[in-house]
Amino acid sequence: MEQLTRVQLNSKYYAGYKAIDIGVRIFVGLLLACIVMFVLFRPMVIAGDGMNPALANGDTVLVSRLAPLLTTPKRGEAVAYQRGDTVYVGRIIASEGESVQMVNGYVYINGELLDERTYVEISEGNFSELTVGEGEVFVLCDNRALASEDSSSHLVKYDDLWGVIRVRIYPQLNIFGAS
């Protein structure tokens, strides 16, 4: 009968522990991935053409849930927000204390023209001047043909923000945000 060396004995003895160790590592990795995907980020499918051309109907994006908690959302960031049972997507145009107005499709912030060429192809519409209240942002969709002429309907409270859209993961992975 062949005598096993100490290394061979230890290898046989610890083989079960290696399998358990690998299983635990896989479980912890999956748990961390779930935390990142469903706690820090929220996957969301874009429904509608409101954010064309930046986001199309059916695109899947990751919404950073921590962004509005850590920093004040900035002009140009695409955000998801909730109204009743419906979640909408729009772009922050103005922050609290700023006045916003649209004349012949051009947006003015505190009387100065806002350069939106990087995310709005064709701008149309009008709405009267409105001052954004404390704890609110003014949000418009990029496809201005779908925007309401009731400017007060575009005011969103910070508490209603789901988060900031950071990454489009389907159909094409890319980093998405303020220009």
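A salt bridge is counted here where a side-chain nitrogen of Lys or Arg lies within 4 Å of a carboxyl oxygen of Asp or Glu. Side chains of opposite charge can pair when their charged atoms come close. The model is predicted, with local features needing pLDDT of at least 70 and side-chain atom pairs counting only at pLDDT 80 or more, while totals for chains, interfaces and linings use all residues. Residues are numbered from 1 along each chain as its sequence is written, and side-chain values use heavy atoms, with hydrogens and water left out.

By this rule there are seven salt bridges, one of which joins the side chains of Asp-21 and Arg-25, with N to O at 3.0 Å. Both residues belong to helix α1 (residues 6–40), where they stand four residues apart, about one turn of the helix; helices (H or I, at least four residues) and strands (E, at least two) are DSSP runs, numbered from the N terminus. Accessibility is described as buried under 20% relative accessible area, exposed over 50% and partly exposed in between (1.4 Å probe, protein chains only). Asp-21 is partly exposed because its relative accessibility is 35%, whereas Arg-25, at 60%, is exposed.

Another salt bridge is formed by Arg-75 and Glu-98, whose closest N and O atoms are 2.7 Å apart. This pair links distant parts of the chain, 23 residues apart, since Arg-75 sits in the loop between α2 (67–70) and β3 (78–83) and Glu-98 in the loop between β4 (86–95) and β5 (99–103). Arg-75 is partly exposed at 33%, but Glu-98 counts as buried because its relative accessibility is 18%.
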